[in-house]
Protein chains: 2
Amino acid sequence: MKPVRRDGGFRWDEVPILAYKEEADAFRAVTRQVLFGPEEGLSWELRYFEIQPGGWSTLERHRHPHVVVVLRGSGRVLVGAEIHDVRPFDLVRVPPSTWHQFQAGGAEPLGFLCLVDAERDRPERPTPEDLEAIRRDPAVAGFVRA
Amino acid sequence: MKPVRRDGGFRWDEVPILAYKEEADAFRAVTRQVLFGPEEGLSWELRYFEIQPGGWSTLERHRHPHVVVVLRGSGRVLVGAEIHDVRPFDLVRVPPSTWHQFQAGGAEPLGFLCLVDAERDRPERPTPEDLEAIRRDPAVAGFVRA
């Protein structure tokens, strides 16, 4: 089993760069690479996401937890009602059913590993009522993109 | 949920540095940090291992697969009959029941994330007969420490 080398930048041989999501959704400048998963007989999936400067992931929540390891760049992340700066090797855990969003900052893309169960529920987008509740906190209101 | 920052070097707040193994075994200068696992309700475990220059992990095999992401340093890894150089962001998959060993090279510790199922079989050490078979390949014989 040959190690799969990244081929200039944060890419790995034989790992395709995918659209962040299969369907249209609210996000900007995000790519996804599935590094390991059910195809290798694993019950979990290791993905690498990259958000270009100015980009952001979808504001969403789901019952399955996320475990994130930042690999490159910097940015901010909303987890529940908290906003945190992130930089390489920070660990972020998104607990079940918690609104979250990643945003890239600085000149370099924000790249992170994200670990999930292979079998998981689909993400839920905020309803207008959810969004109103989320935005009740002025700091969060100033952060979220939806 | 606060991101857990590394606190100078590859350590994270509130994550203890553990002995590589609970029991005496054949290895040198390896530490282990469990970043996420069953305590957070996950069916898998994310660990960070660090091998000091000149150190090496146990030569072993097990039925559960390993998925590894190198984060720092450089070194070499034996997977089955193959020896590969590794450097940051290389991916290594150790298939089930495959002999493997990591060795640090260079001046910096070799640090890597390792993903496993939370419920997994215990590693098996080579018997003298296994070791003889493993060492039949001169390149492998010159590599393995046991």
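Predicted model: local features only at pLDDT ≥ 70, side-chain atom pairs only at ≥ 80, totals over all residues.
By class, the lining of the largest pocket divides into 15 nonpolar, seven polar and 13 charged residues.

**Stop 1: the pocket.** Select B:Tyr20, B:Arg32, B:Arg47, B:Phe49 and B:Arg120, which lie nearest the centre of the largest pocket among its 35 lining residues. The space in the pocket comes to about 770 Å³. Next, colour strands β2 (28-36), β3 (44-56), β4 (66-72), β8 (100-105) and β9 (110-117) of chain B, the elements that each give two or more residues to the lining. Of the lining, the largest share belongs to β2(B), with five residues.

**Stop 2: the interface.** Show chain A and chain B together. Select the contact residues: 35 from chain A and 36 from chain B. The two chains bury about 3500 Å² between them, and carbon and sulfur atoms account for 66% of that area. On the side of chain A that touches chain B, the elements giving two or more residues are β2 (28-36), β3 (44-56), β4 (66-72), β6 (82-86), β7 (91-94) and β9 (110-117) of chain A. That side of chain A holds 23 nonpolar, two polar and ten charged residues. How many salt bridges cross the interface of chain A and chain B? The rule finds zero there.

**Stop 3: a salt bridge in chain A.** Over all chains, a search of the whole structure gives eight salt bridges. For one to inspect, select A:Glu50 and A:Arg72, whose side chains meet in a salt bridge at 3.1 Å, N to O. A:Glu50 sits in strand β3 of chain A and A:Arg72 in strand β4 of chain A, so the pair ties together parts 22 residues apart in sequence.

How values were computed. Residues numbered from 1 in each chain as written. Chains lettered and ligands numbered in written order. Heavy atoms only, no water. Contact = heavy atoms within 4.5 Å. Buried area = accessible area lost by both parts, 1.4 Å probe. Salt bridge = Lys/Arg side-chain N within 4 Å of Asp/Glu carboxyl O. Helix = DSSP H or I, 4+ residues; strand = E, 2+ residues; numbered from the N terminus. Nonpolar A, V, L, I, M, F, W, Y, C, P; charged D, E, K, R; others polar. 1 Å grid on protein atoms, 1.4 Å probe; cavity = no way out; pocket = protein on both sides within 12 Å on 5 of 7 lines; lining within 4 Å. Points joined across faces, edges and corners; volume = space filled by probe spheres on them.
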